[in-house]
Amino acid sequence: MEFSNTGGMRSPFSPRVKSVAGRRPIGLNSSKKNQSSLLQSTEQQSGDVIYKSPSMTIETYGAPLPVMVTETLAFASGDVSVRMSPCGWCWLVAGRRILAWPRETSTPGVPTAARELTLPQTDLAHKADLVMLFYEDDAQMPSCVGVSPEGVVRYWASVGVEGTYSDSVCELAGQECERLVLARPSMLLLATTTCTLVRITTSRDGRAGARCQVLRPAGGWLGGIGRRVSLLFFGNMPAHPDTQKLVGVVVLEGVTDLPPVSAEEAEECGNEVVALVASGPVLQLWRGSHVQEHQLRRPLTEALARAHLAQGDLSSLELTALDVHAYGPSALLLLVAIGSRTPDTRLALAHISIEGADARVTSLCPLRAPVPREDEPPRCLPLSAAPLLYCSSYVSLSTPPSGGGESEVIEVRGEGDRILGAALVAAAPLLFSRKHGVLLLRPHLRTHKTVIDSPLDSPCPSDMYEGNLSLYEIDPHEVSALATDLCGRLKTAFLFHVRRDPAVGRALAELLPRADTDVDAAIDRAVLSVAEDMLDDVPAGDPRWRVRGSAVRVALGSSAALQASAQLRDKQRAFSLFLDFLRAHGILRRFGKITRDDGSTECTLSALCGLGARLAGMRALQRRHAAGAPLLDAALQASAADDAEDDPELSEALASGALSAADVCWRRVTRLPQLLAALARLPPSADPRAAALNAQQALDILANVMSEMHSWAGQWTAWAGPVPRPAPSLGAHALLPALIQLHTRAVTQCARNCPDAALRAQVLEGAAALADLALVEAEPLRIGARTGRLYEKMRNDILQPYVDEGQIERALVLAEKFRHLQLLVDVCVERDLPRLYAYIDKFLEEGMAEIAFDRLLSAGGPKAALAIRELGERQSARLSAWLSARSDRGLLALHQLSRIRDRTTDAAARSLANAAAHERSSLRRLRTLASLSKLCTLAGDDDPTSAETRRQVEERLTLAELHDAMPRELRAHHGISDTEDCRVLDPEELVQMYIDAPMPLNELDYKQALDLTELVPDMERRDELRLRVWCACIRQDDWSSPQMDAPDRELSQKIFFRLVDLVHIMGGDLELLLPPVEDILTAPELAELVSDPRFHYLLKYGYECVDTDRDMQE
């Protein structure tokens, strides 16, 4: 195997002279490897060195190839493919033969025997990408799965028993299989060229076999004719367009916010997300049968534009995905070819962050590499030092174009030799050469920041060393000698790190104190202090500032540039280097929390992220000012005046004109919130159109700056991981209250009073964008126990003006995003019921159905009927549970109506009867509840329980009827209206009204009183009340001058005996209802009458007549 290399090295501190890249053949081969001075190395080599240079070494690895493998490689007539597995085995596929062997043996230098397996018959070519070896259940020998291009799956439970296998067929509708990967032991994933995914599950219980499950119907992205069918008509043509060719399959196991799937699928797939990438470039994310597709062209072109890597019309730029790898638990590295013509094609590496079903391109870095060949595009391995690009004819450690150096390219020039495969095994890059077998590549140099891990907001690491940063001119040894505090030691370690002296930098970093507390640790305070000083450093190249700087101050963020944009850019580069230093030496992991000015605590990582966001926002604001934003001048003046109040020297410089307001503001990056608040608080113009125009400009500027800040925070999350966001400051001069004040004024005043419809629409559009960003900023308040209500009020203050101004759609969009469910209900109840039902289905678990119930039922009338009839039908269980939990008796009937709708009439009858029994405030409600209960008992089953319920209901209905039957004079005497509703009186209370009635009553009235006594549950009390009713009836008549000669006629004129006749005629039981004569004669209220013998006689005579009639009837 012969190689040639191309490349050089360049230090950021070396003279900046451009070098011309070119290929220089060195002509090394394995027989002369010990004769080169480049081969001297202090590292212990484990194999024979094949090639060595200052940047890498390639050596043999593992055991020698088995004889059968060597012969096959030497004499195979067709295509040969190789694959290496993390399980320790390699396999070669030639024709239908699989040759599998372990890479290493217990006896060094002794080759092992290869195991030969036979793949299923096929009309197409087999390849190693459709074969997988893996260990199952602590087996001594690995299992093997091989798949033919048509989808015939052959499973060997052990490669040691090549004749024992089972076949199964995947129904792929003519699609061609492309890639087979191992998700976990006993579960593999098969992807077709058209990106259909198949889950293959192996089993060794009983008869070994493999089960295939197609996760999506065949058709994939093409949705058209399969390859086998197309062969019949068109011959051996490509299976699908190149733009939709499968590039790779990656299994991710650390993705957060996983899309919901069924319980069965969740058990099968666990937390795994399968990423399929097509060359389009298109990304599919699978979890079980749930799939989310992302077109990556637009985010990649936007990343190219941000990195200034593409000019002109980006829509015509051709992007092709070439390879993909997992990068951490929830990210992908995508190798992309940029350009349509081969000589102009460039390569770039994109970092894609996966969050749930979302995919974001967080960074994109160009690579220096050989021009890709159309027939064989390169693939990559993501090494820690630099990406390794390879194809059959070369291997290259790639570097960014702006690095100033050259990528090393090793060409394979041996006769008949070529690279057949590569893999990362335990973080070691392995190559497979047709001539030398398995090779190990050892990168020598490792920069502190790789192309893969480029700092935030920087296209590539070499950009760190361009520009006018003064920190490159600072001698770290001098700083170390002057360092007396923790901040000085931290700056010294950082400067050594920048000078690429990792040993000294690491040693100094280890001398930094560990956090001795979770809050306000010394290292946390020192890091934030250095970062803040870096962002607020004066520009070293501006002579107006030089006299104001301290001679001994170490200005890490100072710049020799004079333009404000360049100064801020250099601060960004210095800050990115500082973050790289913190992560490289593990300082980020030590952080705890710090105490803010308002007394609350904040995560130190979050505070550091906030400083970076301010820097990104200040750069965006400066760009807007440079592009021409007159409104910003007033804000700069106001902010600079506030800064100068506490700095006499600065005030003097501003007054003399030595410094402008912009100079002051661009320098002090940490005061960006105060500058934005000053812009938001600018007083409006008296002219309505001018006021609207100023509001539109302010809204646009603020939205642009805050978007940049949020974008930077998103990059931070992808770089350092998620951190809790702190609650925003709410003081008198804080930014968030100023934004809300500007937003409210823009919507309710500027837009409303603007005479120009087009300008008014622009103001409302800008206000909606700012509202979105402001609510995102305020969201940390939502989770606080004391600030939750404040957030809800703030959210309502932002969204309600849109409803008041008739901007319903804007209000609903924002309310939906920020979960203002009450506003969604209030608006949709009046305007759009179908949309309300859709919102309830979407936010069902967040309690929106209950909010809608409360809104509709509290309104009463048709709205309450709507809740029962339509909402209740959609959310029956939730409505029933909500009504059951309410203590309001007025809603109980509605609850039972919902039960009636659900045909649970027996339960509804019992609940309604119980409610009627306890109803005291409304006679009408009592009658309604009892009537509904009676209706339910009639509609339900006839059982003892329903009979008892019916009896209770009849008693309540009787009580209601007796209320209505009271004499008008008696009702008026007790203040009971004939037309209006009244409270429910107890039977005893009603009987007492009859007994104490001051007006004359007749026998019908007293009969109603006796009927009321039937409703008294206590028998003794019931008999007592009956006696008093009879006594009251006796007192109604005049007994002073009775006609003793005609007692029958006298009795017929007395109300007492007419009541006796009435009770008898109406079927009453006189023996039960009529008290004994002795009880009447001994009643205290009749003591005066009882003393009259005539009364005594007539009473006994009447009882004797009653007894006589009873005897005659019997």
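**Close-up views of strands and helices**

**View 1. A hairpin built from β6 and β7.** Strands β6 and β7 make a hairpin with 2 residues between them, and in the turn G95 has a positive phi of about 65°. This is a predicted model, where local features need pLDDT of at least 70 and side-chain atom pairs count only at pLDDT 80 or more, while totals for chains, interfaces and linings use all residues. Residues are numbered from 1 along each chain as its sequence is written, and side-chain values use heavy atoms, leaving out hydrogens and water. Strand β6 (residues 89–94) runs antiparallel to β7, joined by 6 bridges; two strands pair if DSSP finds at least two bridges between them. Look for W89, whose bridge partner in β7 is P102.

**View 2. An open sheet of 4 strands.** The strand order is β17-β18-β19-β20, with antiparallel pairing. At the edges stand β17 (246–252) and β20 (290–295), each with a single partner strand, so one side of each has no neighbour in the sheet. From one strand to the next, the twist averages 15°. Strand β19 (residues 282–287) pairs with β20 over 6 bridges, and L285 has Q292 in β20 as its bridge partner.

**View 3. Helices α15 and α16 side by side.** Helix α15 (residues 672–680) packs with helix α16 (residues 688–720) at an angle of about 160°, with their axes 10 Å apart. That makes the two helices roughly antiparallel (angles over 145 degrees; under 35 is roughly parallel, 65 to 115 roughly perpendicular, the rest oblique). L672, L676, L679 and A680 of α15 meet A698, I701, L702, V705 and M709 of α16 (contact means heavy atoms within 4.5 Å). By class, this contact has 9 nonpolar, no polar and no charged residues.

**View 4. Helices α31 and α32.** The axes of helix α31 (residues 987–995) and helix α32 (residues 1003–1013) come within 9 Å and cross at roughly 155°. α31 and α32 are therefore roughly antiparallel to each other. On the α31 side, the contact is made by P987, L990, V991 and Y994; residues from α32 include Y1006 and L1012.

Terms used:
Axes fitted to C-alpha atoms, helices over the stretch in contact; angles between N-to-C directions. Nonpolar A, V, L, I, M, F, W, Y, C, P; charged D, E, K, R; others polar.
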